[in-house]
Structures are given as structure tokens and as C-alpha cells.
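Trainee: I am new to this one. Could you walk me through it, please?

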Amino acid sequence: MNLEKVVFGFFIVLAATLNFGFFIGEIDNPMHHHIYELFAAIVVNLIATILKFGDRTQIGAVHLSTSLVADLQLVAAACVWAIAVHVSGDGMSAEVTTSVVSLSGGALFANVVSVILLIVETVMLRR
Amino acid sequence: MNTSVFFLALRRMRAPLIVLVVIYAVSTCGLTLIPGIDAQGKPAPPMSFFHAFYFVSYTASTIGFGELPNAFSEAQRMWVTVCIFLSVIGWSYSIISLLALVQDKGFQQVLLNGRFARRVRQLGEPFYIICGCGETGLLIARALDRDGIRVVAIEQNEMRIQELELEEFAADLLVLCADAAQPQQLLLAGLQHRSCRGVLAVTDDDSANLAVAIASRLINPRLTIIARVASPAVEANMMSFGTHYVVNHFEKFADYLAQAIHSPNWYRLVDLLTGLPGQEIPERHDPPVGEWVICGYGRFGQAVVRNLVRQGVSLTVIDPEPEVLAGVPHVVGHGTEAEPLRRAGIDKAVGIVAGGNNDTNNLSIAMTAKEINRDLFVVLRQNRVANQVLFDAYDADFTMVPSRIIARECLALIVSPLLPRFLRLIRAWPEGRAAALGKQIEALCGNRMPLVWSVRLNAADSPAVHRFLMIEQGEMQLDLVCRDPAKRDELLPLLPLLLLREGADHELPGWECMLQPGDQLLFAGTREARTAQNLTLDNRNVLDYVLTGKDAEGWVWRWLCRMSAS
């Protein structure tokens with residue numbers, strides 16, 4: 001067992017699960033989507049991205065690109081939240097919540113791809 | 001920036017980046033949990049993520065705007081103190097890692113290689129790759145640089161590269177620190193580049209040269225490959241897969257020595273034509289015919305003996321190893337001592353060859369032998385250019401310096417590809433003819449080695465003349481390209497040696513010989529003469545002046561002339 005692989009797998013799966021945790025629930029109900037979960041998802045996703053740096057294989061490149069997509073979507077969701085709460089003063093209305101959650105839904109998809117890649121890689125090694 | 005460098009940097013920066021992300025996350029998260037106070041000092045809800053992130057961003061980067069948006073509560077201040085120290089640690093760690101990365105030898109090598117590869121890719125002019133930039137490589141690089149030909153060098157020794165950087169070159173010398181025997185390094189040096197003209201494998205390691213020759217032959221068969229070898233077996237191997245020129249300096253020198261004994265005037269002519277241009281012409285020393293003593297029977301000694309025996313010279317070999325000496329008249333012993341020299345008959349001999357692989361021993365042999373027999377003709381083998389001072393002080397009749405010989409051969413092959421052909425032809429000449437030509441060339445260049453160069457009458461090399469001959473169907477004699485473009489009545493100090501037309505050789509073509517497009521010519525003369533001749537070959541106005549004696553006129557002037565005439 002390789003500690004590096006454990007850490008790598010841990011962060012990728014944690015990024016996906018946190019993202020899922022934020023995403024699940026009624027899409028326009030702010031009660032179902034706690035902002036701390038979004039924060040945690042962003043942090044863990046950033047760490048997962050950094051862990052993927054510097055792998056020159058094909059699968060490593062796809063790993064990195066899925067992570068970058070997830071980061072982009074989550075940061076966009078955070079920006080929407082910040083603008084709604086602090087800039088325009090709308091607060092977490094139904095529309096804002098919907099848009100934040102759907103952006104995080106996109107990130108969730110990228111994270112799922114990442115997890116699938118991880119599984120594929122493991123299966124290929126087991127062959 | 002090179003992508004591989006970028007990814008390498010990212011990979012090394014993983015740990016510091018993660019530390020930074022974690023510190024930012026912990027600080028931000030903490031601030032969103034700790035209650036604050038409002039302007040009246042009453043407890044207020046904690047900061048939101050947005051404000052917390054904003055605060056951490058400017059605090060962590062040590063900008064420090066103060067406590068925004070409201071003054072902090074005591075609990076918040078405690079937490080911020082922790083945050084400040086955490087972020088200082090995080091940033092210091094990142095910066096130290098970055099500095100360590102920049103200092104890292106491997107990283108610098110990757111950067112250098114990337115820069116080297118980019119500069120080679122951007123080369124627009126023809127260039128040659130020199131593998132091994134030691135003494136030989138440097139001589140070749142310098143001479144090529146003086147002729148305006150770009151050079152890309154691969155050298156293994158780092159110290160050597162630092163010395164090369166101090167050398168003065170007209171154009172930048174591109175040097176890669178790598179093992180030339182590795183094909184990927186050759187590719188990096190531009191083996192497949194469209195402007196690459198040839199590869200010179202001149203390292204002092206036969207197997208490395210062999211590897212370079214094979215790789216070049218396989219990857220880019222269009223290139224001229226010139227390789228240096230010392231062992232006859234490797235030479236045969238190289239010739240077998242089509243290396244264009246193999247330079248065996250031992251064999252070459254031995255051949256010249258034998259020829260010099262047999263036909264001194266021929267040798268003198270070859271010496272003039274293949275010498276490093278611009279150097280002073282050495283005094284003439286013709287080796288005498290008679291008994292010779294050869295000290296050292298290694299690769300050099302064997303080559304000398306083989307060639308001398310072929311020319312019918314009688315000789316005795318001195319070597320400490322009795323096994324290798326079978327078949328030749330020999331004395332077992334060291335040439336540095338007087339006793340074996342006497343047994344080899346040094347007092348009756350006319351010449352001695354000190355051909356060991358140790359410079360000090362060679363000098364010692366020469367001095368001991370000269371003590372016994374004052375009139376000896378001394379041939380010395382010099383192994384290292386660094387010992388030049390000693391050899392200058394001794395001033396032997398003939399000194400064999402491997403790097404000089406190889407450099408001369410390589411240059412002759414690159415700068416004047418017709419020269420080897422011409423040298424083959426003059427081997428058949430009688431002594432008198434070679435002597436006459438030698439005198440003529442010496443008179444031409446006034447005590448300096450002549451420059452030998454080739455000219456092709458084609459659109460690329462001599463556009464003006466080619467256009468005149470081909471498109472305007474003009475006729476011109478050979479002497480026109482040898483006239484001074486400033487004063488057409490005077491001939492330039494140069495001599496046409498060979499005219500190659502449709503595969504047929506014409507030795508020493510006369511002035512009245514008619515030129516045809518596609519002709520290849522070989523000239524010997526001064527560097528200035530070559531520059532002046534280039535002007536005639538390239539510039540239509542200059543050619544017109546040489547042809548007609550009239551200066552070229554612009555169309556305004558021509559129109560004025562016509563107006564005044566009418």
C-alpha cells in the first residue's frame with residue numbers, strides 16, 4: 001500500500017462527496033444547501049487539483065482537467081452567492097439558490113468523472 | 001515557456017501550494033465562526049465567508065488594510081493573530097521551495113535544454129553539428145565561425161563548456177551539455193532541422209563517434225557525415241554504412257609522411273592547400289631518404305610503419321612490448337634510453353619518429369636521439385595542444401598534432417568539397433608540376449596559407465553570373481570572375497585549380513576557358529580575393545562593370561543621358 005495513493009484517492013473521493021452533499025436537496029430551497037459545505041467542497045477540490053499537478057501521463061492530464069473544471073464551477077457558484085448576498089442585496093432567494101446549486105451540480109459531474117477515472121486506473125493496475 | 005519545465009515546477013510546488021490552501025481555508029473558516037461586535041460594542045453575528053475571505057486575502061499577503069468592515073471583537077483579534085503567523089509560515093515555505101527549485105541543478109538543466117532547443121529551432125541559416133567540442137572541435141568551430149557558418153556543439157564536459165563560453169565567436173556558439181552518443185541529444189541539436197548541413201563526430205572516443213555516425217545516417221540520410229576514428233576496425237565499420245568521410249589522423253599523417261619522403265613537392269602542395277588559412281607558411285623541411293627509426297608501435301607507429309614500408313623505406317621499430325613486434329625489424333626497449341636507440345642504429349639513421357602517446361616521453365626520445373646523432377630528421381607526435389609551448393621550444397622538423405590534422409581535413413571537406421577530388425588528381429602528377437604549382441600559390445598569398453574555396457555557378461551561390469549565363473545566354477571567360485571588381489584590368493590574387501563540368505575534371509583551367517551554368521570551380525587565394533570574387537558572382541552591377549568596364553547607371557541617369565543625346 002502506498003501512502004501517496006491513499007491521500008490521492010481520499011481527496012478525490014472527499015471532493016466528490018462534499019460536492020454531492022451540497023448539491024443534494026430541493027434545488028431552490030436555501031435550507032437544504034448550507035454555505036459551509038460549499039466552502040469545504042471548494043477547499044478540498046483545490047487540494048485535489050494541486051495533488052494532480054505534474055503527472056505527464058494521458059490519464060493524469062484528464063484527471064487534472066476534470067479537477068480544473070470542478071474548481072471553475074464551484075468558484076463560479078461561490079461568486080454568485082457572494083454577489084447575491086453582499087453586492088446586490090437579494091439574499092438567498094429561490095433563483096439565486098437554484099443557480100448556485102446547479103453550478104455545483106456541474107462540478108459534481110466533473111468530480112464523478114474524476115472518481116470514475118480513479119477506479120479505471122485502479123482496475124487497469126489490477127489486471 | 002517550455003511545458004515540461006512548467007509541469008516540473010508545478011510538481012515540485014505541490015506541497016507548498018497545499019499548505020497555503022489549507023492555511024487560507026482554516027483562517028477563513030475560523031473567522032466565519034467567531035462572533036464580532038458592532039459599532040456600539042454589542043455582540044454581532046460573525047463575518048460572512050465573503051468578508052472573511054477578503055480579510056484573509058489582504059492580511060495573508062501582508063497588505064493589512066486594518067479591521068474591516070467593523071472593528072473586531074477580542075476573540076476575533078486572537079484568531080487573526082494566529083492567522084497572521086500561519087500565513088507568514090505558509091508564504092515563507094512557498095517562497096523557499098520556489099527558490100530551491102530555481103537553484104536545483106536538474107531544473108536548471110531542463111531550462112537550459114529548453115532554451116537550447118528553441119534557439120536551434122529558430123536557426124534560419126545553414127549550420128553544422130559538432131559532436132565533442134574539445135581541442136579538435138574548437139579548432140573546427142572557430143574556423144567555421146570565421147567563414148560565417150553557424151555551429152551547434154554537443155559537449156559532455158561541463159568545465160569545457162564554461163571555457164567555450166569565454167571564447168570569442170562572431171555568431172553565438174550554441175552548446176549543449178550532453179552525451180552526443182545519445183540519439184535524442186542529437187535530435188535536440190537539430191539533426192532533423194531543415195538547415196542542418198552535416199554532422200561532425202570528432203569526440204576522442206571511437207565508439208561515441210560510431211554511435212553519432214549511425215544515428216545521423218539513420219535519422220537524416222541527407223546530411224554530410226564526417227567522423228574521426230583512430231582504429232582501422234571502426235573505420236571499416238563506418239565506411240560500410242555510408243559515412244561520407246572518415247578521418248583517421250594516424251593513417252592520414254603516416255600517409256603524408258611516407259609521401260613526403262617519396263615525393264616532397266607533392267607533399268608541400270598538399271600542405272599548402274589543406275593548411276589552416278591565414279597562418280604563416282612554415283619553413284620547408286623535406287624528410288630525407290634512408291634508414292628510419294620508429295619509437296612506439298601503437299596505432300600511430302603501426303600506421304607509420306605500414307605506409308613507410310609501402311614506399312620502400314627501410315626502418316627499425318623500438319617498443320617495450322615484444323609480442324606486437326613480429327614481422328618488422330625491431331629492438332625491444334624504451335626509446336627514451338640511449339642504449340636501445342644505439343642498437344636500432346640511430347647513428348646511421350637519417351630520421352626518427354617519436355610516436356608514443358605520452359608527450360613528455362616523445363620529447364625525451366627526440367632529445368636523446370639528437371644527442372647521439374646531430375643530423376637526425378625528427379618527427380614528433382604531439383598528443384595535447386596544451387603542450388604546444390614545449391613543442392614550439394623544441395622545434396622538431398615535423399610535428400604531428402592530431403587535433404590540427406583532423407580540423408584541417410574536416411574544414412577542407414566542408415568549405416571546399418572539391419578539394420579532396422583535386423588532391424586525388426594531383427597524386428598522379430609528376431614532381432615538377434606539383435613544385436611549380438606550389439611556388440605559384442606561395443607567390444600569390446605572400447607567406448600566408450592560402451584559402452581554398454569552391455564556387456558553384458548556380459542560382460543560389462552565384463545569382464548574377466548564373467542569370468547572365470542562363471537567362472541572358474551570355475558568354476564569359478573564366479578570367480572575368482577572377483578580376484578585381486574595383487579595377488577590372490587587374491586580376492585578383494587567386495588561382496583556379498579545378499573545373500568540374502558534368503562529372504569531368506579539368507585540372508588548372510586556363511583564363512580563356514568558357515564558363516557554363518552548373519560548373520563547379522575550386523580556387524586558391526587570399527581571403528580578400530574571395531570576398532571580392534563573391535561581389536562579382538552575386539551583384540549584377542558589379543558583374544556588368546567587370547564585363548563591359550562601364551559603371552551601372554540608375555534609370556534617372558540613363559534617361560538624362562538619352563535626353564542630352566537627342
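Mentor: Gladly! Let's begin where Asp206(B), Leu210(B) and Ala213(B) of helix 9 of chain B meet Val234(B), Asn237(B) and Met238(B) of helix 10 of chain B; contact here has C-beta atoms, placed from the backbone, within 7 Å. This is a predicted model: local features need pLDDT of at least 70, side-chain atom pairs count only at pLDDT 80 or more, and totals for chains, interfaces and linings use all residues. Residues are numbered from 1 along each chain as its sequence is written, while chains are lettered from A and ligands numbered from 1 in the order in which they are written.

Trainee: How are helix 9 and helix 10 of chain B oriented to each other?

Mentor: Helix 9 (residues 206-219) and helix 10 (residues 232-240) of chain B have axes 11 Å apart and pack at an angle of about 0°. Angles under 35 degrees count as roughly parallel. Helix 9 and helix 10 of chain B are therefore roughly parallel.

Trainee: In strand 5 of chain B, which residue is the bridge partner of Ile154(B)?

Mentor: Strand 4 (residues 150-155) and strand 5 (residues 174-177) of chain B run parallel, joined by four bridges. With helix 7 (residues 158-166) of chain B, these strands make a β-α-β unit. The partner of Ile154(B) in strand 5 of chain B is Leu176(B).

Trainee: Which element of chain B gives the most to the side that touches chain A?

Mentor: The contact takes 13 residues from chain B and 13 residues from chain A. On the chain B side, helix 1 (3-12), helix 2 (14-33) and helix 3 (49-60) each give two or more residues. With six residues, the one giving the most is helix 2 of chain B.

Key. Axes are lines fitted to C-alpha atoms, for helices over the stretch in contact, and angles run from 0 to 180 degrees between N-to-C directions. Angles under 35 degrees count as roughly parallel, over 145 as roughly antiparallel, 65 to 115 as roughly perpendicular and the rest as oblique. Two residues are in contact if their C-beta atoms, placed from the backbone, lie within 7 Å. Two strands pair if DSSP finds at least two bridges between them. A crossover is right-handed if, with the strands pointing away from the viewer, the path from the first strand over the helix to the second runs clockwise.
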